[in-house]
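These are my notebook entries on one structure.

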Amino acid sequence: MQLKPNAYRLQETVRGVETMSRFALAVLALASGVYTYLGVRGLLDGSASFVFFAAIIYSAAVSVAIYAFWTYMMRFVPLVTSAAQRLALFATMAIGCGMIIAMSSWLNAAALAGSAALEQHMAVTLQGYAEDLDKAHANALASQSLLPDVQRAAERFAGLAQNERESGALTGTQGSGSVVQLLTQMSAQMNQLGTTISGSRSEVASLFAQGSERLATMRELVSTPGTIEPRTDGFQAEAVQLSAVIAALQQTDVAASVKRASADLTAGFIAPVADGRSADLANRQDRVMETVRASVAAQSAALTTAADEILATPAVEPRRYVPLSSAEAVIRYWSDFIPSWAGAISIDLLPVVLVLVLMIVHDAMRREAGSLDEDDTITAAEMIRAMALYRRMEAAGIAPATPPHPAPPENAPQPEEANPPLVAEEGIVTPIDAAQRKRGEGQRPA
């Protein structure tokens, strides 16, 4: 059996948890202030004492604002019953939540995940530098792909010169003449161009090794535990050195030099004068040299086309490492730190749940109290005060001594006596005159 109305029990429970609610709200406001202090400290510049006091003042203001705002909401929202007024309070609460997120939650997230966000920024930048180094190395090695073509052309000219010298394969007359001299000259130019291309290979390999060492150092700075600020400074220094290595790799590209050299093969072609002893041999030498000229032009065009394809490859754009603060890093990489954001916002907005709980409980109390009779809602203290007030009114002659009773209607049935007289059988019950007997008159007769 329920001894007290449910509304009264709900009211007693609300009073019982009021102290706990205040304590919980104070702890949440204090926790938010602490993390706000940690977050804002990384944004301020100046002396250590200035940063300390400025961060303390800001975090204290945030804690007081959060505690005051949610105290007002917990006090007023449950008591308002009008739908329009309650919607107005909800709109005010939404505005306040937005302001709390703006002044505190993002700083809490910076304190919770600031170091991890800076490491994420360094890791993303490191990946970009690695891609740039690989691309610059690939562009530099692309010029090396021209070397086999140049070597084949040099060997072909050298072989023709050897055959002409030994058997007269081109002119029909063996020996060293103008044709052999021209073919030897073309072979020497091709060999010189091949030497230029192969000479850059060792430099490319050396620069790529230096870039790989820089990348390894940067990876250690990203993954090594410890304070984030010194690691960020070291990472920035290594990034500058790596940018210089990438730029040097791009300067080793010999595709443009190969293109110019191949164009010179045709533009600077100088055929020697036929030195044949007879007019017929001289004519044959001229025809062979024209054939060599055409072959050189074809080779030059092929090398120029290959060099143009290499030069058409987009160059690596210079990358610059931009250091970020912990708050900026958390905002930029927010999608990677959703749990930290959720925790930071929950610290500030958890009192919303308390406000809603109190609102629901107060609504339940009002419904329970509305369904009770007036006699069930009066307390003992109220009854005692009412009786004392009535006695004072009687003494003053304001209220009648005995409250009047309304006269019963004429046709109303007469009420039966509450205590009907006992009708005793004769010889069994002896009647006693109880009305005439008083206390202290002695022992009753047997």
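**Entry 1: a pair of helices**

I began with α1 and α2, whose crossing is right-handed. A crossing is given this name if the near helix is turned clockwise from the far one by less than a right angle, and is left-handed if anticlockwise. I noted that the contact of α1 with α2 is made up of 16 nonpolar, seven polar and four charged residues. Here Ala, Val, Leu, Ile, Met, Phe, Trp, Tyr, Cys and Pro count as nonpolar, Asp, Glu, Lys and Arg as charged, and the others, Gly among them, as polar.

I recorded that the two axes, of α1 and α2, come within 8 Å and cross at roughly 150°. Axes are lines fitted to C-alpha atoms, for helices over the stretch in contact, with angles from 0 to 180 degrees between N-to-C directions. The helices α1 and α2 are therefore roughly antiparallel, a term for angles over 145 degrees. Helices are DSSP runs (H or I, at least four residues), numbered from the N terminus.

**Entry 2: the basis of the values**

The model is predicted: local features need pLDDT of at least 70, side-chain atom pairs count only at pLDDT 80 or more, and totals for chains, interfaces and linings use all residues. Residues are numbered from 1 along each chain as its sequence is written, and side-chain values use heavy atoms, with hydrogens and water left out.

**Entry 3: aromatic rings**

I found five aromatic pairs in the structure. Rings of Phe, Tyr and Trp (its six-membered ring) pair if their centres lie within 6.5 Å; planes under 30 degrees apart count as stacked, over 60 as edge-to-face and the rest as tilted. Y37 and F52 are an edge-to-face pair, with 6.3 Å from centre to centre and 85° between the planes. This pair links distant parts of the chain, 15 residues apart: Y37 belongs to helix α1 (residues 6-41) and F52 to helix α2 (residues 48-76). The rings of F52 and F53 have centres 5.3 Å apart and planes at 75°, so this pair is edge-to-face. I noted that Y37, F52 and F53 form one aromatic cluster.

Buried means under 20% relative accessible area, exposed over 50%, and partly exposed in between (1.4 Å probe, protein chains only).

**Entry 4: salt bridges**

How many salt bridges does the structure hold? I recorded seven, each being a side-chain nitrogen of Lys or Arg within 4 Å of a carboxyl oxygen of Asp or Glu.

D363 bridges to R86, with the closest N and O atoms 3.1 Å apart. D363 is in helix α11 (residues 351-370) and R86 in helix α3 (residues 83-142), so the pair ties together parts 277 residues apart in sequence. D363 is buried at 18%, and R86 is buried at 14%.

D132 and R319 meet in a salt bridge at 2.8 Å, N to O. D132 lies in helix α3 and R319 in the loop between α8 (279-311) and α9 (326-332), so this pair ties together parts 187 residues apart in sequence. D132 is buried at 9%, whereas R319 is partly exposed at 36%.

Finally, I noted that a network of salt bridges links E18, R22 and R75.

How values were computed. Helix = DSSP H or I, 4+ residues; strand = E, 2+ residues; numbered from the N terminus. Parallel < 35°, antiparallel > 145°, perpendicular 65-115°, else oblique.
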